[in-house]
Amino acid sequence: MRQIKWERVVAILLLAPSVLATAIFVYGFIGFTGYVSLSKWTNLLPDFTLVGLSNYQRLFANQRFQIDLRNTVSFTLLFLLLCLVVGFLLAFLIDQRIRAEGIFRSIYLFPMAISFIVTGVVWRWLLTPGSPEMGATGVNLLFEKVGLGFLKWGWFTDPVVWHIPPDSAVGQFLEQIGLGFLASPMIGISAGVVALVLAAAWQMSGYTMAMYLAGLRGISDELREAARVDGASELQIMFRIILPLLRPITLSAIIILGHISLKIYDLVVAMTGPGIGFSTDVPAYFMWDTTFRGNNFARGSAIAVVLLVMVAVLIVPYLVWSTRSEAEL
Amino acid sequence: MTSQSSEMRGGTTYVPRWRRALLYLTLIAFAVAYLIPVYLLIITGMKSFTEVSLQTMWDLPSGIHFDSFTKAWFGSKQEGFQGLGGNFLNSVYLAIPATILSALLGSINGYILSKWKFRGADLLFTLLLFGMFIPYQSILIPLVQVMSRIPWFGGNLYSTIPGLIFVHVIYGIPITTLIFRNYYAAIPTELVEASRIDGASIFGVYRYILFPLSIPGFVVVMIWQFTSIWNDFLFAVTITNNPDVQPITVGLNNLAGSYIVEWNVQMAGALMAALPTLLVYIVLGRFFMRGLLAGSLKG
C-alpha cells in the first residue's frame with residue numbers, strides 16, 4: 001500500500017503503547033522474576049543478593065514440590081485423555097445428522113462460559129462424600145439412590161495414591177531391571193487429582209467437541225463415499241481417513257488444554273485446596289502460597305520460572321509452526 | 001452453518017433403527033451428566049432454609065424460595081459475613097470498562113499490523129502473542145510491586161478497580177490484537193487502496209472503512225474479553241486485598257470457604273457469579289462459538 005511518511009510515523013506511534021506495555025509487563029517482568037529466583041529475597045524485605053541456582057536446587061529437593069510435579073503431570077495426562085476422548089465421541093455423534101443438534105451442542109459447551117471458581121464450588125458440593133454417621137452426600141448419595149452404592153468413595157478427601165506396589169510382581173521386575181523408582185508413590189495418581197480432572201473435563205470437554213466438530217464438518221462427504229465405494233468398512237474409514245485428517249486439530253487441542261492444565265490454579269483453590277498430604281496441590285498453588293502468604297519471594301519466583309519453562313516447551317514450537325504455516329498460505 | 005450442512009449431507013445411507021436409538025440415548029445420557037451440576041445448583045439455591053438437609057439434597061424444592069439469594073446478596077450481620085452484592089457490582093464496574101478499552105486497543109493494533117505493515121511487523125506480532133500463553137505466576141511478583149508504585153488519586157493503583165482494569169487491558173493485548181488482525185486481514189486491501197486514492201488518511205481509512213466493517217469483530221472480542229475478565233480469579237485475588245473492591249470470583253471463593261455459610265447460600269452465590277456470562281452465552285452463543293474458534297490459539 002502507498003504510504004506517506006508522516007503516516008508511517010503515526011502507525012508506529014499508535015502501536016507503541018502496546019509494544020511498550022508488552023516489553024515491560026511481559027518480557028521485563030519475566031526477567032525480573034527470573035532475577036528474583038536467583039536472589040536471597042526470602043522474607044518481606046527485598047534482598048537482591050545473587051545466590052546462583054541454589055533456590056532451584058532446594059526447590060527440586062522439596063518434597064511438596066516433587067508431589068506437585070507428580071500431580072501436574074498426572075492431572076495433565078488424565079485431563080487430556082478424557083477431554084480428547086469425550087470431545088471426539090460427542091463431535092462424532094453430533095455429526096450423524098441428528099435432530100436438535102443446536103440444543104445438544106449448547107448443553108455440552110455451556111460450562112465453558114462459567115468460571116473455574118463456580119465450577120469448583122459446585123463440584124466440591126457434588127463430590128463431598130459424607131460420613132458414616134451423617135450418611136452419604138452428593139454423588140455418593142445419588143449412587144446409593146439408584147442402587148450403585150458400591151461406587152461410593154471418598155473422592156478428593158481420600159488421600160490414597162495409586163501406584164505400582166514395590167512388592168508386587170511388576171514392582172519386583174522393575175526393581176530387577178533397575179527401574180525400581182517407577183514403583184513408588186511419587187510416580188502415581190492421587191484420588192484427589194482424579195476428582196479435579198472430573199470437574200475440569202466437565203468444563204473443557206465441550207471445547208474439544210467444538211473443535212473436532214468443526215474439523216469433521218470440513219471433511220467432504222465425497223471422500224467418505226469414495227472410500228465406501230472402494231469397499232472400505234466404517235471402521236477403516238474412521239482409522240484410515242477421518243482420524244489422520246483430524247490430526248492437526250488433536251495437536252491444537254493438546255496444546256491449548258495442556259497449557260491450561262499446567263497453569264491450573266483457580267479450580268484447586270475453590271474445590272479442594274492443597275489436600276491431605278498435598279494430594280491435590282499443584283505448582284501454581286504452591287507458588288501463590290509461598291509467595292503471598294509465606295513471603296518467600298525467591299522460592300515463589302523459582303516455581304514461576306519452572307512453570308514458564310514447562311509452558312514454553314509446549315507453546316513455542318507450536319507458535320513457530322502456526323506462524324510459519326500461516327506464512328505459507 | 002450447522003443445520004444447513006447437515007441437511008445438505010442428504011441421508012442416502014440406510015441406518016438401522018436400533019442404531020439411531022442408541023445414538024440418541026448416548027447423546028441424552030451425556031446431556032444429563034453435563035446438566036447434573038446445574039440441576040443441583042438451581043434446586044439448592046431455591047430451597048428455603050428449613051428444607052436444606054443433606055439427605056434430601058437431590059430432591060426438588062417445595063416451591064421457589066428466594067431466601068438464599070437475598071442472603072447471598074446482602075449477607076448476614078448476625079452470622080457475620082458480607083454478601084456478594086458489592087462484589088457483583090465491582091465485577092460490573094471492572095468488566096465493562098476493561099472490555100471496551102481492550103477491544104478498542106486490540107482493534108487499533110490489528111489495523112496497524114494488518115494494513116500498515118512495516119519491516120518486522122510479523123515478528124513483533126509473534127512477540128506480542130507470546131504474552132497470552134505465559135503462566136501469569138511468572139509476572140505476579142513484579143506486577144504487585146509496580147502497581148503499588150503507580151500513583152493514583154493520592155494513593156496507588158494496588159487494590160483498586162482501575163488498577164485491575166489496567167491489568168486486564170494490558171494482558172488482553174495479545175488475544176484482542178490476534179482476533180482483530182485476523183479479522184482485518186480478511187478485508188480486501190483494494191477497499192483500503194480505493195479510499196486512499198480518494199484522499200483518506202490513516203485515520204480516515206480506519207474511521208470510514210474498517211471501523212464500520214468491524215462490528216462483528218468487536219462483538220467476538222468483547223464477548224471473549226468480558227467472559228475472561230468476569231471469570232478471572234488470579235489477578236483479582238493478587239491485586240486486591242480489600243473486600244470492598246474485590247470482584248465476585250474472590251467474594252464467592254471467600255463465601256464458599258467459610259464454614260458458617262449454608263450450602264444453599266453458597267449455591268445461590270455461585271449462580272449469581274455464573275449468571276452474567278451464562279446469559280451472554282445463551283443470547284450471543286453463535287458469536288461465542290466464533291470467538292472460541294478464532295481464539296483457538298488461546299485457552
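1. Starting with chain B: residues 24 or more positions apart supply 73% of its contacts with a separation of 6 or more (a contact means C-beta atoms, placed from the backbone, within 7 Å). For chain A the corresponding share is 69%.

2. Housekeeping: this is a predicted model, where local features need pLDDT of at least 70, side-chain atom pairs count only at pLDDT 80 or more, and totals for chains, interfaces and linings use all residues. Residues are numbered from 1 along each chain as its sequence is written, while chains are lettered from A and ligands numbered from 1 in the order in which they are written.

3. Chain B has 14 helices and 4 strands (DSSP runs, numbered from the N terminus: H or I of at least four residues, E of at least two). Its radius of gyration is 24 Å, well over the 19 Å from the globule rule for 299 residues, so chain B is more spread out than a compact globule (C-alpha atoms only; the rule is 2.2 Å times the number of residues to the power 0.38).

4. On burial, 45% of the 299 residues in chain B are buried, and 43% of the 329 in chain A (buried means 20 or more other C-beta atoms within 10 Å of the residue's own, with C-beta atoms placed from the backbone).

5. The largest nonpolar core holds 166 residues, and A:Leu196, B:Leu252 and B:Ala270 have the most contacts inside it (such a core is a set of buried Ala, Val, Leu, Ile, Met, Phe, Trp, Tyr and Cys joined through C-beta atoms within 7 Å). Helix 8 of chain A (residues 191–217) gives the largest share of this core, 17 residues.

6. Beyond its neighbours within four places in sequence, A:Leu196 touches residues including A:Phe75, A:Phe156 and A:Met271.

Technical notes: Buried ≥ 20, exposed ≤ 12 C-beta atoms within 10 Å, placed from the backbone. Contact = placed C-beta atoms within 7 Å.
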